[in-house]
Amino acid sequence: METKTTCLHDKHVALGALMSPFAGYDMPIQYKDITAEHEAVRQQVGVFDVSHMGEVDICGHAAAHFVNHIFTNDVMPMKNGQILYGMMCYEDGGVVDDLLVYKRSDELYTLVINAANIDKDIEWLRQNLDGWNAEIRPWDVDAFGQLAVQGPESERVMENILSLPCRELTFYTFKELPNPNIKEAPIIVSRTGYTGEDGFEIYGDKEFIRYCWDKLMAAGVQPCGLGCRDTLRFEVGLPLYGDELSADISPVMAGLSMFVKLDKVEFVGKEALARQKAEGPSRKLVGLELKDKAIARHECLVLKDGQPIGYVTTGYRSISTGKSVCMALIDAAFAKLDTEVEVQVRKKTFPAVVVKKQFYNKSYKK
């Protein structure tokens, strides 16, 4: 399969970024130093090329009802300009994908989906469309791009450097702005983020995205790769599909039940998730702190008294705290805070203790 590129690929290469395949795209992993990029976002501001993400419009008279049918959260009370996080699930409660839903009008919702799942998600949406007066319209990935401007200085950068009005946006809201290049394709500016810091997303045609990138680089804003995007989201306990969520890891197991509205009339996976919540899941996602300098990586075994009870989903030495921590999916019987366990790293085992999954406090602007 041919590796795809975003509209900023040549600019990443010119900056000397370390490039690597991710979700079918050749993406920047880091520019000079992951730690410096991570700290720039925590302390000042950084910008990510996230043009590999997928966007799908759901439109038509039954758009709201169809989205509600395939989404665990409840879109019916949403107002125009509001965003919701949630999951699409299979009938057994396993996760198809986690995503954001943007309500643009009563008959137009935009789903923002994970890059690795674009083809699978669109196929799954089409399989569930029968009987609904709605239409699925994927965005042209070659024509559009997306930037994420993240960090405590992101509002200043958006307003002063990019001249994009965003001060009045609250957390999980967006606005549409006139596009100077394509009238029928507005620029969307939202305030969400995947780093635990205040931040914004810019959706636009590739010419506008390239213009914004050049302005940010000229102003000295730190370009950031997918390496620190992962360390940042991990520190604040945000899940990554394929690690903390999957067809085998439900929202209930992952501790995301607040995004599953069981009081809705129906949605795909409702019965299985209601049963899991009532009975309690067999496995739970927890945080672990290792009492050693060893770093637990994905799929390292978690043990109790020498017996396997689960595995690590993501692990790092936290850049912000200096602690060796990880998230792990383990048997629910051992998921209580302060439970002592062991983590097997290569052929050695290291003592660890169950802690909260959020290793660093979020700093969103509510």
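How far apart are the mean positions of the positive and negative charges of the protein? In this predicted model, the mean positions of the 42 positive and 52 negative charges lie 6 Å apart.

The overall form was considered next. The secondary structure consists of 8 helices and 19 strands. The C-alpha trace spans about 65 × 50 × 40 Å along its principal axes. Of the 366 residues, 57% are buried. When contacts between residues at least 6 apart in sequence are taken, 66% of them join residues at least 24 apart.

Aromatic side chains were then examined. A pair of aromatic rings is described by the distance of the centres and the angle of the planes. The count comes to 10 aromatic pairs in the protein. One of them is formed by W139 and Y203, with 6.2 Å from centre to centre and 75 degrees between the planes. This pair is edge-to-face, because the angle between its planes is over 60 degrees. The pair links distant parts of the chain, 64 residues apart: W139 lies in the loop between β8 (135-138) and β9 (144-150), whereas Y203 belongs to strand β12 (residues 199-205). W139 has a relative accessible area of 16% and is therefore buried, the limit being under 20%. Y203 is also buried, with a relative accessible area of 3%. Ring pairs join W139 and Y203 with Y102, F144 and F174 into a cluster.

How values were computed:
Residues numbered from 1 in each chain as written. Predicted model: local features only at pLDDT ≥ 70, side-chain atom pairs only at ≥ 80, totals over all residues. Heavy atoms only, no water. Helix = DSSP H or I, 4+ residues; strand = E, 2+ residues; numbered from the N terminus. Buried < 20%, exposed > 50% of the residue type's maximum accessible area, 1.4 Å probe, protein only. Contact = heavy atoms within 4.5 Å. Lys, Arg positive; Asp, Glu negative; His and termini not counted. Charge placed at Lys NZ, Arg CZ, Asp CG, Glu CD. Phe/Tyr/Trp six-rings, centres within 6.5 Å; stacked < 30°, edge-to-face > 60°.
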